[in-house]
Amino acid sequence: SSSDLMMEKAFYIWTSVFNLFVTSLFWCFMADTFRSDQAKRLFGFIGVGGTLGSISGSAATASLAKALGSANLLLVSIVLLEVAVLVVMRFPRMPGEGAAADGGAAARALGGRALDGLTNVLKSRYLSGIAVFLALFTIGSTFIYFEQSAIIGAEYADRASRTEVLAQIELAVQVLTVVAQIFLTGRIIRWMGLVAALAFLPMLSVVGFSAIGAMPTFAAVAMFVVLRRAGNFALTNPGMEILFTVVPREDKYKAKAFIETFVYRGGDQLGGWAFAGLAAAGMSHGAIAWLAVPMSAGWLVLAIWLARRQAALAAALPAAGPPPAASLTGQPEPASS
């Protein structure tokens, strides 16, 4: 019936929003719990949990869908969410580690206004840089999505073949991500610095978009997609989270949430409009890929600046403990410099 269809659409929208919000909130909590040096060691390993959850969740859904039914799978999801709540409530808090340093997050309500996240981003060059970094990532990702759809659609005529090749790409991404997160992420960030984690994807994008512009083939797109998505999960995501360990606590929950929801979705929409507009103007997919090359080069410059700025802010903080709570009295904070 029409009412059932409306309920299904509403549930799908709510699930999409909840999935984005709860992931952002989890990493807000992690940035509030661990210092910069701790995050560089641990965030890559923590990210393994998300990757393994994605793999096991897909496998469990595929194997249990017929046995339990789609509706009963929701009960499994509810149980898993409740387990996650219990884990968070019992999360160990050590003296000197972020939120635990003064007795826990529950005792320190942030207060403030609903628009503080937006205004704090606009006031801070560092936070604005993070917002632009994420926007450039999502625009590039949208460009790649359309390039992939066009080339795979032309290469594989029937839906079954397209589904199979997309599944193979996804499997390659997940396997490469797990291997990199377990064995490489922490070592790369500790040995080569945060700049290596943040600069990897922009450098890869310069090469990848150039390759697609010169040779718009399935092999070029598939390799670029696999390396970019795995690099994002293994290096860029942990690097982005480390950027927030040096900002005041208010910005970890307000500015970070604004960037990872509104800016993320805004960049995605902007990328879609830009690609559609360029295609409507008569540009080929190869030509559009060439336009993404200088954008990726600018993204690389920003990545290097953010990594250096993060290092400077981390060095200015006390040897142990989190950044000072965001001031509501107008005093400047480190992230605003």
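A: Let us start with E250, which is buried because its relative accessible area is 7%; buried means under 20% relative accessible area, exposed over 50%, and partly exposed in between, with a 1.4 Å probe and protein chains only. Please keep in mind that this is a predicted model, where local features need pLDDT of at least 70 and side-chain atom pairs count only at pLDDT 80 or more, while totals for chains, interfaces and linings use all residues. Residues are numbered from 1 along each chain as its sequence is written, and side-chain values use heavy atoms, with hydrogens and water left out.

The side chain of E250 meets that of K254 in a salt bridge, at 3.2 Å from N to O. The term salt bridge stands for a side-chain nitrogen of Lys or Arg within 4 Å of a carboxyl oxygen of Asp or Glu. K254 is buried too, with a relative accessible area of 16%. Through shared partners, salt bridges join D116, E250 and K254 into one network.

Across the whole structure, a search finds seven salt bridges. One of them is between E170 and R229, at 2.5 Å from N to O. E170 sits in helix α6 and R229 in helix α9, so this pair ties together parts that are 59 residues apart in sequence; helices (H or I, at least four residues) and strands (E, at least two) are DSSP runs, numbered from the N terminus. E170 is partly exposed at 28% relative accessible area, and R229 is partly exposed at 30%. Another salt bridge brings D37 and R35 together, at 3.4 Å from N to O. Here D37 is partly exposed at 39%, whereas R35 is buried at 19%.

Now for the rings. The structure holds 13 aromatic pairs, where rings of Phe, Tyr and Trp (its six-membered ring) pair if their centres lie within 6.5 Å; planes under 30 degrees apart count as stacked, over 60 as edge-to-face and the rest as tilted. Among them is the edge-to-face pair of Y145 and F146, at 5.6 Å centre to centre with 70° between the planes. Y145 is exposed at 53% relative accessibility, while F146 is partly exposed at 30%. Ring pairs also link F26, W27, F34 and F43 into a cluster.

Finally, a charge meets a ring: K256 lies over the face of F244, at 5.2 Å from the ring centre. A charge sits over a ring if NZ of Lys or CZ of Arg is within 6 Å of the ring centre and within 35 degrees of the ring normal.
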